[in-house]
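Please read it beside the sequence and the coordinates.

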Amino acid sequence: MGYTTDLGSFLLKEDKQLFEAIMPIESAVKVIASLVKVAGLEGILGKAGKTNIQGEEVQKLDEVANQILIDYLSESGQFYGLASEELDQPIFPEKGKDAQYVIAFDPLDGSSNIDVNVNIGTIFSIHKRIGDGVENFLQEGKKQVVAGYVIYGSATMLVLSTGKGVNGFTFDPSVGSFFLSHPDMKLPEKGKIYSINEANAEKWDKKGLKEYIQALKGEGYTLRYIGSMVADVHRTVIKGGIFAYPSDRKNPNGKLRLLYEASPMAFLIEQAGGLATTGQEDILDIKPTDIHQRTPVYLGSKKEIQQLLGYLQG
Ligand code: P6P
């Protein structure tokens, strides 16, 4: 693909209105990417000494990334409201009071991997404003206008959908821009990889799930599990197969959050020709009742998801 199309020129062609909304996200994630690369030198590895609403220990880099996104998105005037994994309640920036979008984000997903230099990411989901206050964030995932993630890895990539398919952009730090490197991304119909934390198998409360995993092993599938949703989903988009974080006796609604993890990822997966389900219903059909609610997640290639549903409903 080379350097023919940068993110800005791509969006200007695809959707000028959304261009205005996505540019501050691009600016924020460029700063985050640069900090992730030198976190060990900037003294921002390690724990921040507090827990978030999820009851999870906050890493210093979580907080830094969260503040960078809040600053850029608030200053942009493009968003009426911001919801973050790191914020108990949404915030409504002064400059966004007439804006037509709201955004939910996980500023740095995969925190447990920060200190060991394994891929982490930023996930974001944009909805149209429909009224005042929190109700704007409680819309079904199928109504998203933009869903995307940034994966901070050997390359920094931004993968995005505005509802017209999925496109991947690779960041060139020497130029300071994201360039279209993966146009029109599509999941293979079938993969050879399953991605699930099998350490939880004794706690899984879904009848048929163990038998399904056994069946995949019998078909010669291999297991790949990075423990950062962004990285596991990105590999699934490229190579196909299935990523799952099921409910279990400890987490009756699963661990992953609907608004800023499962819903944007489900939107991207379905835009790329895959499927994303809770095991009972399409993730994109869920009507949220709480901005931090969790959901079981099974997403990936059509073949694996349809086979899974056969086992779960069998
Ligand atoms: P476990 C990271 O903390 C995260 O929220 C997701 O990025 C990831 O998929 C999941 O949790 C990993 O959870 O319980 O397997 O370590």
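## Basis

This is a predicted model, in which local features need pLDDT of at least 70 and side-chain atom pairs count only at pLDDT 80 or more, while totals for chains, interfaces and linings use all residues. Residues are numbered from 1 along each chain as its sequence is written, and side-chain values use heavy atoms, with hydrogens and water left out.

Helices (H or I, at least four residues) and strands (E, at least two) are DSSP runs, numbered from the N terminus.

## Helices H2 and H3

Two packed helices are described by the angle between their axes and the distance between the axes. Helix H2 (residues 16-37) packs against helix H3 (residues 60-76) at about 155 degrees, and their axes are 9 Å apart. Axes are lines fitted to C-alpha atoms, for helices over the stretch in contact, and angles run from 0 to 180 degrees between N-to-C directions. H2 and H3 are therefore roughly antiparallel to each other; angles under 35 degrees count as roughly parallel, over 145 as roughly antiparallel, 65 to 115 as roughly perpendicular and the rest as oblique. The crossing of H2 and H3 is right-handed, a term for the near helix being turned clockwise from the far one by less than a right angle.

Contact means heavy atoms within 4.5 Å. On the H2 side, Pro-24, Ile-25, Ser-27, Ala-28, Val-31, Ile-32, Leu-35 and Val-36 take part. They meet Leu-61, Val-64, Ala-65, Ile-68, Leu-69, Tyr-72, Leu-73 and Ser-76 in H3. The residues of this contact comprise 14 nonpolar, 2 polar and no charged. Here Ala, Val, Leu, Ile, Met, Phe, Trp, Tyr, Cys and Pro count as nonpolar, Asp, Glu, Lys and Arg as charged, and the others, Gly among them, as polar.

## Helices H4 and H7

Helix H4 (residues 209-218) and helix H7 (residues 302-313) have axes 8 Å apart and an angle of about 140 degrees. That makes H4 oblique to H7. Their crossing is right-handed.

H4 contributes Leu-209, Glu-211, Tyr-212, Ala-215 and Leu-216 to the contact, and H7 contributes Lys-303, Glu-304, Gln-307, Leu-308, Tyr-311 and Leu-312. By class there are 7 nonpolar, 1 polar and 3 charged residues in the contact of H4 with H7.

## Helices H5 and H6

H5 and H6 pack at an angle of about 10 degrees, with 11 Å between their axes. These two helices are therefore roughly parallel to each other. Met-229, Val-230, Val-233 and Val-237 of H5 are in contact with Glu-261, Ala-262, Met-265 and Ile-269 of H6. The contact of H5 with H6 holds 7 nonpolar residues, no polar and 1 charged.

## Largest pocket

The largest pocket has a volume of about 470 Å³. Its lining has 26 residues, with Gly-110, Ser-111, Ser-112, Gly-227 and Lys-255 nearest its centre. Strand E2 (57-59), strand E4 (101-109), helix H5 (229-239) and strand E12 (242-245) each supply at least two lining residues. The lining of the largest pocket divides into 7 nonpolar, 8 polar and 11 charged residues.

On a 1 Å grid over the protein atoms alone, a pocket is an open set of points with protein on both sides within 12 Å along at least five of seven lines, a cavity is a set where a 1.4 Å probe fits but cannot get out, and lining residues have an atom within 4 Å of a point. Grid points are joined across faces, edges and corners, and a volume is the space filled by probe spheres set on the points.

## Cavities

There are 2 cavities of 30 Å³ or more, and the largest cavity has a volume of about 50 Å³. Ser-125, His-127, Gln-139, Glu-140, Gly-141, Leu-258, Leu-259, Ser-263, Ile-286 and Pro-288 line the largest cavity. Strand E5 (120-128) and helix H6 (258-271) are the elements that give two or more residues to this lining, and H6 has the largest share, 3 residues. By class, the lining of the largest cavity has 4 nonpolar, 5 polar and 1 charged residues.
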